[in-house]
Amino acid sequence: MNAIRILILIAAWLVASFSQAEERPDHKLHWENRTENIEWKAVMKNKEKNMWIMEMAPATSADNDYSNLLVVQAFIKTNNFTLESWSSRMIIGYQKNCTTLKVDALKDDGAIGYDQQSFFFMCGQKLDTDYGVYTFIKAMKKDNILYVVLREFHVPSSPIPGTFSVPKDAEIDHILSDTANAVRYLFEDVYLCGPDIIHDKCQ
């Protein structure tokens with residue numbers, strides 16, 4: 001598993017311990033990617049009593065190609081925790097794994113009934129590689145459950161995160177398009193619904 005994606009697992013484990021509770025059946029996580037024209041295939045699934053993870057890549061990608069990913073995770077916890085503490089650990093982890101890093105907070109979609117934070121991580125170059133990484137993360141906390149949805153793809157490395165140092169003939173337009181689509185995906189397709197949640201898409 002990619003080291004950067006492992007950071008999400010580590011952060012989830014460190015924020016609070018897992019409980020023996022079952023997921024609330026009256027809450028539903030919506031994560032299907034309708035914004036991007038991609039057919040996804042599962043490349044890894046892991047379901048345990050207190051966690052659930054599915055990692056997906058485009059159906060046309062080769063085996064062991066993790067340059068374009070969609071990851072969905074849920075963790076059930078006992079202790080009180082905040083998304084602020086979770087995101088702080090995430091940022092520290094990315095800083096340790098990138099030569100340079102820029103982090104942008106993304107707009108909230110206005111849902112009422114659960115806490116949420118979304119981020120755009122621009123890793124100028126991942127350590128021990130020759131590429132950069134763009135990661136889009138939406139984390140949602142409802143009661144004792146933490147949901148995390150991640151979109152990640154590789155980009156040309158750069159000493160300045162968020163910019164591209166590549167030849168003029170390189171295809172940059174598709175990266176910019178991928179970036180816009182990933183933000184739209186988090187905003188439009190990733191949300192929670194339930195009887196005690198107010199969200200336009202749940203009506």
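Two disulfides: that is the count for this chain. Keep in mind that this is a predicted model. With the bonded cysteines numbered in sequence order, they pair 1-2, 3-4.

Take Cys98 and Cys123. Their sulfur atoms sit 2.1 Å apart and form a disulfide. This pair ties together distant parts of the chain, 25 residues apart. Cys98 lies in the loop between α2 (83-97) and β5 (101-105), while Cys123 belongs to strand β6. What is the hand of this bond? The S-S torsion is about -120°, so the disulfide of Cys98 and Cys123 is left-handed. Cys98 is buried, at 6% relative accessible area. Cys123 is buried too, at 2%.

Now Cys193 and Cys202. Here the sulfur atoms are 1.9 Å apart, again a disulfide. The torsion about the S-S bond of Cys193 and Cys202 is about -90°, so this disulfide is left-handed. Buried or partly exposed? Cys193 is buried, with a relative accessible area of 13%. Cys202 is partly exposed, with 24%; the cut-off for buried is under 20%.

Step back to the whole fold. The chain has three helices and nine strands. From the N terminus, the order is α-β-β-β-β-α-β-β-β-β-α-β. There are 203 residues, and 46% of them count as buried. Of the contacts between residues at least 6 apart in sequence, 64% join residues at least 24 apart. The accessible surface is about 10,300 Å², and carbon and sulfur atoms account for 50% of that.

Next, helix α3, residues 173-189. Its 17 residues should span 24 Å at 1.5 Å a residue, and the end C-alpha atoms are 23 Å apart, which agrees. Which residues of α3 are buried? They are Ile175, Thr179, Ala182, Tyr185, Leu186 and Asp189. These cover an arc of only 150° around the axis, which puts them on the same side of α3.

On to a hairpin. Strands β2 (40-48) and β3 (51-58) pair antiparallel, over eight bridges. Two residues lie between β2 and β3. Glu48 stands opposite Met51 in β3.

Last stop, Asp143. This residue is in the loop between β7 (131-142) and β8 (145-156). Asp143 has 40% relative accessibility, so it counts as partly exposed. Its C-alpha atom is 9.2 Å from that of Ile76, a residue 67 positions away along the chain.

Definitions and conventions
Residues are numbered from 1 along each chain as its sequence is written. This is a predicted model: local features need pLDDT of at least 70, side-chain atom pairs count only at pLDDT 80 or more; totals for chains, interfaces and linings use all residues. Side-chain values use heavy atoms; hydrogens and water are left out. Helices (H or I, at least four residues) and strands (E, at least two) are DSSP runs, numbered from the N terminus. Buried means under 20% relative accessible area, exposed over 50%, partly exposed in between (1.4 Å probe, protein chains only). Contact means heavy atoms within 4.5 Å. Accessible areas come from the Shrake-Rupley method with a 1.4 Å probe; for residues, only the protein chains shown count as cover. The expected span of a helix is 1.5 Å times one less than its number of residues. The arc is that of the directions from the helix axis to the C-beta atoms. Two strands pair if DSSP finds at least two bridges between them. A disulfide is a pair of cysteine sulfur atoms within 2.5 Å.
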